[in-house]
Amino acid sequence: MTSSTTTLGTTVRTDTTARAVIATAVGAATDGPGAVEKSFLVLEHLPGDGKVIGVSELARRTGLSKTTAHRILGLLTGLGLADHPAGGYRLGRRIVDIVAQTPCVRTQALRDQLLPYLLDLYRLTDEAVHLGVLREQGVLCLERLYGHRSAPLPLRIGSILPLHATALGKALLAFTDESLHSRGLAGDLPAVTSRTLATGTLLRTELDQVRGRGVAVDQCEFKQGVACVAVPLWGRGRTLAGAVSVCGPAHRLDVERTARELRRVAYEASRALAATVCGADATVHELPPATPL
């Protein structure tokens, strides 16, 4: 019996012959220590630019015997990690699938796609703009745009921010399926400033309000004298993709006006995410009605 699966245009045979080849290769590659290292060594030397390499040349570059190199290539080809066109071997298209699922690649793609919208926000508000995504430890700051008059904040790209004390964190927490208890946020919370919501009860009440108005606000809760406004970003099927915020000195930041600009730009950004990252047939929910902050 013969069947096949297709990944990014690459067909991987799973018929009886292929199964036998894979079984033989697995036995050879795992016979003794160093099997994983040898397989990785072969992958490192496979071309990824469309060119191919022969078994003899691959064996020479890796220092493996031709027999070992050939058997490992059989395993990798059977798994879709290597392609075997006429003339030699090259990296398989399944590698793209695997790499695309890694957090660093996914977050970089998200940052690259949303950068034009972050720039729009910066031009509209002339205040610092931040992009964040939910992580186990808190909010990961993916991007930060700021100018000469931006409010000083103790963060940089790659910083992890507290969920309960930032507008980004509250915008994400309000719309995630995770409970505060699972996040360790149900009891007493560390006070970053005198304005920080320091209990799970206060935070839960705040998140209910965020869900109702679609906007999160940080009134000097993370940095004394600095206010922030944040909204969630959505992908296909109302999937939470991240959050974007605008921050400025509390005495200068017009929260209502900033929220209007944020909601509008975030809506367009979410439409773009749904159409190009999550599928062209995606739909993004209409903006919820504006409510006073």
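1. Start at the end of helix 4: just past that helix, Gly80 takes a positive phi of about 85°. Keep in mind throughout that this is a predicted model. Helix 4 itself covers residues 66–78, which is 13 residues, and reaches 18 Å from its first C-alpha to its last. That is close to the 18 Å expected at 1.5 Å a residue. Its buried residues are Ala69, Ile72, Leu73, Gly74, Leu75, Leu76 and Gly78.

2. As background, most residues other than glycine have a negative phi. Asp126 has phi near 60°, and its place is in the loop between helix 6 and strand 5 (128–135). Cys220 also has a positive phi, of about 60°, and sits in the loop between strand 8 (216–219) and strand 9. Are these two buried or partly exposed? Asp126 has 33% relative accessibility, so it counts as partly exposed. Cys220 has 7%, so it counts as buried.

3. On aromatics, a search of the whole structure turns up one pair. Phe175 and Trp234 make it, in an edge-to-face arrangement with 5.4 Å centre to centre and 85° between the planes. What does the pair tie together? Phe175 lies in the loop between helix 7 (167–173) and helix 8 (200–213), while Trp234 is in strand 9 (residues 226–234), so the contact links parts that are 59 residues apart in sequence. Both Phe175 and Trp234 are buried.

4. There is also a charge-over-ring contact to look at. The charged end of Arg144 sits over the ring of Tyr146, 4.4 Å from the ring centre.

5. Now the cavities. How many of 30 Å³ or more does a search of the whole structure find? It finds two.

6. Around it are Leu114, Tyr117, Leu118, Leu121, Leu233, Val244, Val265, Ala266 and Ala269. By class, this lining has nine nonpolar residues, with no polar and no charged ones. Helix 6 (103–125) and helix 9 (255–277) each supply at least two of the lining residues. Which element gives the most? Helix 6 does, with four residues.

7. One last item, also on helix 6: Thr107 is found there. Thr107 has 13% relative accessibility, so it counts as buried.

How values were computed
Residues numbered from 1 in each chain as written. Predicted model: local features only at pLDDT ≥ 70, side-chain atom pairs only at ≥ 80, totals over all residues. Heavy atoms only, no water. Phe/Tyr/Trp six-rings, centres within 6.5 Å; stacked < 30°, edge-to-face > 60°. Buried < 20%, exposed > 50% of the residue type's maximum accessible area, 1.4 Å probe, protein only. Lys NZ or Arg CZ within 6 Å of the ring centre and 35° of its normal. Expected span 1.5 Å × (residues − 1). 1 Å grid on protein atoms, 1.4 Å probe; cavity = no way out; pocket = protein on both sides within 12 Å on 5 of 7 lines; lining within 4 Å. Points joined across faces, edges and corners; volume = space filled by probe spheres on them. Nonpolar A, V, L, I, M, F, W, Y, C, P; charged D, E, K, R; others polar.
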